[in-house]
Amino acid sequence: MFNEKVHILDHPLLQHKVAILRDENTGVKEFREIVSEIAALECYEATRDLPLEDVEIKTPIATGTFKQLAGKKLAIVPILRAGLGMVDGILDLIPSAKVGHIGLYRDPETHQPVEYYCKMPSDIAERDVIILDPMLATGGSASAAITFIKGYGCKHIKLMNIIAAPEGIAVIQKDHPDVEIYVAAVDEKLNDHAYIVPGLGDAGDRIFGTK
């Protein structure tokens with residue numbers, strides 16, 4: 001159904017944590033913490049291809065040659081506002097990553113993305129970019145964000161979501177076949193209001209307690 005660019009991460013810990021997010025009785029504090037934990041677990045997989053280099057290190061016992069990251073620069077770009085919930089989990093793993101922001105909202109009538117804010121690191125074109133948004137529903141916002149990032153000259157872009165609808169994945173595959181998608185669950189479909197079914201509701205509202 002999906003090509004090799006789509007990575008559905010079925011680790012038991014991820015599946016367990018996503019199930020907690022789905023529960024309508026999960027409170028704001030727990031929901032926010034688990035979104036951050038899921039982002040960290042997904043980041044582990046999304047950065048598996050980071051290059052390594054040999055370095056010489058003297059341990060208390062002997063000198064040896066070991067592996068360290070080869071200095072590749074990374075940026076994470078949350079789509080406001082729900083994407084903000086995924087930032088801290090990734091920064092805990094990669095504190096040197098820079099953070100850009102894209103503000104998009106979905107027009108309730110057309111379901112199309114409308115941009116209202118954008119701020120990127122000055123060297124974004126030199127960095128590998130991971131775009132963050134908990135829900136990949138219609139794919140419109142994510143596709144628009146990817147297009148915008150490409151406009152800065154970025155060549156290596158990944159998209160990280162927690163839950164996706166098949167319709168959203170199809171849009172990204174069509175519009176941006178070069179972009180890899182990392183997601184913890186692919187749900188059944190979108191409903192008439194473009195919400196993912198069964199999904200977890202509005203991720204932004206549940207992260208920030210605004211429902």
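**Exercise 1. Find where Ala194 sits, and work out whether this residue is buried or exposed.**

Step 1: Ala194 lies in the loop between β12 (189–190) and β13. Strands here are DSSP runs of E with at least two residues, helices are runs of H or I with at least four, and both are numbered from the N terminus. This is a predicted model, where local features need pLDDT of at least 70, side-chain atom pairs count only at pLDDT 80 or more, and totals for chains, interfaces and linings use all residues. Residues are numbered from 1 along each chain as its sequence is written, and side-chain values use heavy atoms, with hydrogens and water left out.

Step 2: Ala194 has 6% relative accessibility, so Ala194 counts as buried. The cut-offs are under 20% relative accessible area for buried, over 50% for exposed and partly exposed in between, with a 1.4 Å probe and protein chains only.

Step 3: Now check the backbone. Most residues other than glycine have a negative phi, and most peptide bonds are trans. Ala194 has a positive phi, near 65 degrees.

**Exercise 2. Track down cis peptide bonds at Arg81 and Pro198.**

Step 1: Going from Leu80 to Arg81, the peptide bond is cis, with omega near 0 degrees. Arg81 belongs to the loop between β4 (74–80) and α3 (87–93).

Step 2: Val197 and Pro198 are also joined by a cis bond, with omega about 0 degrees. Look for Pro198 in the loop between β13 (196–197) and α6 (203–208).

**Exercise 3. Describe how α1 packs on α2.**

Step 1: Helix α1 (residues 12–22) and helix α2 (residues 28–46) have axes 10 Å apart, at an angle of about 155 degrees. Axes are lines fitted to C-alpha atoms, for helices over the stretch in contact, and angles run from 0 to 180 degrees between N-to-C directions.

Step 2: The two helices, α1 and α2, are therefore roughly antiparallel. Angles over 145 degrees get that label, under 35 is roughly parallel, 65 to 115 is roughly perpendicular, and the rest are oblique.

Step 3: Next, list who touches whom, with contact meaning heavy atoms within 4.5 Å. On the α1 side, the residues include Leu13, Val18 and Leu21, and they meet α2 residues including Phe31, Ile34 and Leu41. Sorted by class, this contact of α1 with α2 has ten nonpolar, no polar and four charged residues. Nonpolar covers Ala, Val, Leu, Ile, Met, Phe, Trp, Tyr, Cys and Pro; charged covers Asp, Glu, Lys and Arg; the others, Gly among them, are polar.

Step 4: Zoom in on Val18, which is in helix α1. At 2% relative accessibility, Val18 is buried. Leaving aside neighbours within four places in sequence, Val18 contacts Ile38, Ile162, Ile163, Ala184 and Ala185.

**Exercise 4. Which cysteine sulfur is nearest to that of Cys43, and how many disulfides turn up in the whole structure?**

Step 1: A search of the whole structure gives zero disulfides, a disulfide being a pair of cysteine sulfur atoms within 2.5 Å.

Step 2: For Cys43, the nearest cysteine sulfur is that of Cys154, 17 Å away. Cys43 is buried, at 1% relative accessibility.

Step 3: Cys118 has its closest cysteine sulfur in Cys154, 10 Å off, so that is too far for a bond. Cys118 is partly exposed, with a relative accessible area of 22%.
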